[in-house]
Amino acid sequence: MRAVIAVQARLKSTRLPRKVLMDIGGKPMISQIVRRCKATRFPVLISAPPEDVADIVKETHLDVVAGPEADVLTRLLLVAAHAKATHVVRVTGDCPLVPHDLIVRAVEEAARTGAACVQNWRPRTFPDGFDFEVWYVPFLVSLMARMKPESPEREWFAQWCLDKKIPNIPITRAGESLADLRLTVDYAEDLEVVRALYEDQGDDIWESGRVVQWCLEHPEIMAKNAKHVKSFGERPKDVPKL
């Protein structure tokens with residue numbers, strides 16, 4: 001198998017515009033995500049809308065593959081084709097603590113089982129912000145053939161697939177769920193939390209267990225964005241079924 005990580009990014013985020021370029025630990029957030037993903041030893045590419053590519057490259061000097069903003073499925077397949085990959089790992093640009101060790105575990109599971117998808121957020125047992133999926137590229141190609149070119153499901157295809165209960169393998173945490181820990185970035189309070197963690201982490205790249213330990217040791221910091229904790233499985237109500 002050959003796996004590639006696609007970091008999904010755009011600059012038109014509504015709640016926190018251009019958040020992927022905001023500073024965390026002395027680097028743009030997207031650069032920190034790529035740095036963590038590269039710890040897997042898999043190739044990493046940023047997937048972004050064409051109009052955002054120049055700004056992202058200017059700020060990060062990273063490799064970007066352009067694709068339609070609202071068609072995430074096509075964007076992932078463009079990354080897979082660029083890397084000649086059999087599997088593509090989807091990581092979103094608002095998860096600066098993406099767990100590289102869990103990605104390696106999931107890719108190994110995908111290779112062993114041949115599953116269409118291996119993912120770690122349904123059921124949610126890890127913090128919000130650890131999310132990723134490993135997709136088998138031929139499955140995504142077949143999915144593309146089922147969806148109309150302008151279908152909204154192409155943006156939310158991962159949620160759609162899991163809602164439809166496609167065969168998938170969940171990577172879960174042993175013990176108590178940590179779903180109430182929020183490490184994704186959508187609001188100013190989220191940035192406060194993540195910046196505090198990066199201040200202690202420094203140039204190290206902590207594995208998932210060390211990140212979780214830090215969160216549990218700093219409840220006063222985790223309380224800063226607790227009002228934004230959301231229930232698992234939310235998806236836009238206006239996305240029609242295929």
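Trainee: What should I know before I start?

Mentor: The model is predicted: local features need pLDDT of at least 70, side-chain atom pairs count only at pLDDT 80 or more, and totals for chains, interfaces and linings use all residues. Residues are numbered from 1 along each chain as its sequence is written, and side-chain values use heavy atoms, with hydrogens and water left out.

Trainee: In what order do the strands of the open sheet run?

Mentor: Strands are DSSP runs of E, at least two residues, and helices are runs of H or I, at least four, numbered from the N terminus. Two strands pair if DSSP finds at least two bridges between them. Here seven strands give the order β5-β4-β1-β6-β8-β7-β9, with mixed pairing. The edge strands, β5 (64–66) and β9 (169–170), each pair on one side only.

Trainee: Which residues cover the two faces of β4?

Mentor: In a regular strand, side chains alternate between the two faces of the sheet. Buried means under 20% relative accessible area, exposed over 50%, partly exposed in between (1.4 Å probe, protein chains only). In β4, Val44, Ile46 and Ala48 lie on one side, Leu45 and Ser47 on the other, and all are buried. Five of the five residues of β4 are buried, so β4 is largely enclosed by the rest of the structure.
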